[in-house]
Amino acid sequence: MEENNLQCSSVVDGNFEEVPRETAIQFKPPLYRQRYQFVKNLVDQHEPKKVADLGCGDTSLLRLLKVNPCIELLVGVDINEDKLRWRGDSLAPFLGDFLKPRDLNLTITLYHGSVVERDSRLLGFDLITCIELIEHLDSGDLARFPEVVFGYLSPSMIVISTPNSEFNPLFPSVTLRDSDHKFEWTRMEFQTWALYVANRYDYSVEFTGVGEPPAGAENVGYCTQIGIFRKNGGKATESCLSEQHDQHVYKAVFTTSYPSLQQERFFKLVLVNEVSQQVESLRVSHLPRQKEQAGEQGDKPKDIGGSKAPVPCFGPVFTEVEKAKIENSPTPFWVGDKFFVPLQRLLAYPKLNRLCANEEMMRSVIADSIPLSRDGSAVVADLRNYFDEQFEF
Ligand SMILES: C[S@@+](CC[C@H](N)C(=O)[O-])C[C@H]1O[C@@H](n2cnc3c(N)ncnc32)[C@H](O)[C@@H]1O
Ligand SMILES: [Mg+2]
């Protein structure tokens, strides 16, 4: 490919936008997004609980990762405090997070500090990412970096990305891709460093990258080179970690916690809401039969002696197995103008079954918010008001 087919449109905070002059190749999506997506895919695949992004910059990667349901602790560290302060609020939960809480707790914290300082709050992580960070470290910090990140923090997995300088001749007049870069490495240079570090701290390393080279220039490799380091022998045990002294060097500049079903008040809100919706839906689907029977017996619904409600029609939302489970569960019924939905019936619905392990648990959570039958085995809904309004009896 011709050198002048590419131009550098912007160099913003490491989000280097490599744009071709002609349309021969384009990084689509942009290279920085490919890097974030690469990390997101790894997270989807390995489901780490604790993830830290060192040199997190404007926190874009953290914002992408926070939606991963597996993550319970997400930490960003950067030496530039202004970036962290400015972006912190965009990591806070918004209305939708309260309306539909996550299954698991999530705490996000941003620390101001340098990756070459030891802070014990970053011990015991499953994944640490360093995206376009190491090339910003001067030689002294680069020498300290492995000892802190691999030796001290020692997470299960580390992902390091850095520019591949072999790609640079494809950009016109580019020597270093960013004025703050202290170096850019060839694949051989990066791999030599990475293998040395991996060997020293007992990790294995796999090399890959993002940003495919254009046709005809495959020999230069990916525009961004990536090393995935996995700790041999897995994660440090909790007892190992507790032996380490508390060492709080970083300054926390932002922290937030997300609502989740692990928190009693949100669990209760969600469960009461789901139960109410399910009971309402059953009540509506049983009304025609109730109206019919009430009509046969007079103008007003009367006690019809514990009549069984009809099996409601199922929409396409349930699988055959789910349908069978619902049909085999205790049927809703009415007595006079009271409609009873057994808790066992409610538990047969997949959404409620996912929330509640058993009848006892459901009863104890909803008892003070939803009317229950005298023996506590069913939710009771009043049909009378509904008939008064809907059918003007
Ligand atoms: C090119 S930016 C990358 C930002 C982000 N990782 C991304 O991919 O969008 C490099 C970041 O590393 C941060 N940084 C540089 N030296 C650092 C150090 N010693 N400790 C922590 N962060 C550092 C810079 O402030 C900057 O935000
Ligand atoms: Mg950079």
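How far apart do the C-alpha centres of domain 1 and domain 2 lie? They lie 47 Å apart. This is a predicted model, in which local features need pLDDT of at least 70 and side-chain atom pairs count only at pLDDT 80 or more, while totals for chains, interfaces and linings use all residues. Residues are numbered from 1 along each chain as its sequence is written, chains are lettered from A and ligands numbered from 1 in the order in which they are written, and side-chain values use heavy atoms, with hydrogens and water left out.

**Stop 1: the two domains**

Select 31-258 for domain 1, then 263-287 together with 318-392 for domain 2. These bounds come from an automatic or database domain assignment.

**Stop 2: where the domains touch**

Five residues from domain 1 and four residues from domain 2 make the contact (heavy atoms within 4.5 Å). The domains bury about 370 Å² between them, 51% of it on carbon and sulfur atoms. Buried area here is the accessible area (1.4 Å probe) that two parts lose on being put together, summed over both.

Now select Phe98, Pro101 and Asp103 in domain 1: these residues lose the most area to domain 2, together 68% of what their side buries.

Across the interface of domain 1 and domain 2, the rule finds one salt bridge.

**Stop 3: ligand 1**

Select ligand 1 and the 19 residues around it, each with a heavy atom within 4 Å of the ligand. Tyr36, Gly55, Asp78, Lys83 and Ile131 come nearest.

Move to Ile79, which has a polar backbone atom 3.2 Å from a nitrogen atom of the ligand. At Ser114, a polar side-chain atom lies 3.0 Å from a nitrogen atom of ligand 1.

Last, show the surface of ligand 1. On its own the ligand has 590 Å² of accessible area, and the protein covers 94% of that; such areas come from the Shrake-Rupley method with a 1.4 Å probe.

Technical notes:
A salt bridge is a side-chain nitrogen of Lys or Arg within 4 Å of a carboxyl oxygen of Asp or Glu. A polar contact is a pair of N or O atoms within 3.5 Å; within protein, one must be able to donate a hydrogen and the other to accept it, and residues adjacent in sequence count only if both atoms are side-chain atoms.
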